Amino acid sequence: MNNPPVLYIVIPCYNEEEALPITSKRVAALTDDMIAKRIIAPGSRILMVDDGSKDRTWEVIAGLCRSDARFEGVKLAHNAGHMNALWAGMTMAEPKCDCMISIDADLQDDINAMYGFLEAYQNGADVVTGVRSSRATDTFFKRTTAQGFYRLMNRLGVEMVYNAADYRLLSSRALKALLSFGEVNMFLRGMVPMLGFKTATVEYARGERVAGESKYPLKKMVGFAIEGITSLSNKPIRYVTLAGVLCALLGVAMGVYVLISLFKGTSVAGWASTMMSIWLLGGMQLVALGLIGEYIGKIYMETKRRPKFILEEYLHDDER
């Protein structure tokens, strides 16, 4: 690759009014440095996606776009969620870029790792994933649950890069291939490894937010985990089936025990064993129904074929 590539940096934003002034300056300075060093082409851009924010996020983005040609802005008509906002940015960037890097607006992911991303890209990698070198800054609870989540996904047969987030580089052909995926229920951390192109990883240290508050409280983290599990693997249903078989075998064993007790004349109204059996089987049935319901719900959403996002406004070079 002799000529520097056109890079689009896609930044999903939701209520990031406080962070964007800092984020925009840091990312703009980084792109200027990379252009000066001929790592990327002068036509490279920073594309910010407002995911239906309730604060002044879009006003900040629009101001940047109108005053600085390096910025482009996408405004979604409603809050579509982080994955869909990222998808919207990738959709807008794909026709214009040679490669794309996605990063969150809080800049907890080290932007200087992009130098390593682009070096790996120049060496032939179509997918470059940012991997955290350490989780020392996380609380014990978050660190333990995150590591447990990755191990669980691995056991369920989902290919994921350990300790990776949605900080990655995709070449134009990898981006085009990813955008051809038609599912509504998306989990990009599991979808990107399915592409099969040459991949590389770059380690970096994760820092603190530049400003504002975290958009991923415990409730969203749990939902994110459930989304990942049910979007990419059907093994949980198989495990439920296996648990049902085991419960049935336990029921048969209990029946044999009751008959033996009856013939021996030692059968007494066993309140404890009866209640334990009822609660065990009832609980298993509710878990099974809930899990099956998750999958049926996803089938329901897929059959609707609703758009992943609805574009309200797009500010870019052609409008200046």
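This is a predicted model: local features need pLDDT of at least 70, side-chain atom pairs count only at pLDDT 80 or more; totals for chains, interfaces and linings use all residues.
# A walk through the model

Residues are numbered from 1 along each chain as its sequence is written, and side-chain values use heavy atoms, with hydrogens and water left out.

Of the 320 residues, 44% are buried. Here buried means under 20% relative accessible area, exposed over 50%, and partly exposed in between (1.4 Å probe, protein chains only).

**Stop 1: strand S1**

Select residues 7-13, which form S1. How many of the seven residues of S1 are buried? Seven of the seven are. Leu7, Ile9, Ile11 and Cys13 point one way, Tyr8, Val10 and Pro12 the other.

(Two strands pair if DSSP finds at least two bridges between them.) Look for Tyr8 opposite Arg45 in S2, then for Ile9 with its bridge partner Ile101 in S4.

**Stop 2: the largest nonpolar core**

Stay with Ile11. In the largest nonpolar core, which has 38 residues, Ile11 and Met48 touch the most other members. A nonpolar core is a set of buried Ala, Val, Leu, Ile, Met, Phe, Trp, Tyr and Cys residues joined through side-chain atoms within 4.5 Å. Elements that give two or more residues to this core include S1, helix H1 (20-36), S2 (45-50) and helix H2 (57-67). Show what surrounds Ile11: leaving aside neighbours within four places in sequence, its contacts (heavy atoms within 4.5 Å) include Thr23, Val27, Met48 and Ile103.

Apart from this core lies another, of 31 residues, among them Leu76, Met83, Leu188 and Val192.

**Stop 3**

Jump to Ser171 in strand S6. Is Ser171 buried or exposed? With a relative accessible area of 3%, Ser171 is buried. Its side chain makes a polar contact of 2.6 Å with that of Asp126; a polar contact is a pair of N or O atoms within 3.5 Å, and within protein one must be able to donate a hydrogen and the other to accept it, while residues adjacent in sequence count only if both atoms are side-chain atoms.

Then select H6, residues 172-179, where Ala174, Leu175 and Leu178 are buried. Seen down the axis of H6, these buried residues fall within an arc of 100°, so they line one face of the helix; the arc is that of the directions from the helix axis to the C-beta atoms. On the other side of H6, Arg173 and Lys176 are exposed.

**Stop 4: Asn84**

Finish at Asn84 in helix H3, which counts as buried at 16% relative accessibility. A polar atom of its side chain lies 2.8 Å from the backbone oxygen of Ala80. Beyond residues up to four places away in sequence, Asn84 touches Met186, Lys308 and Phe309.

Notes
Helices (H or I, at least four residues) and strands (E, at least two) are DSSP runs, numbered from the N terminus.
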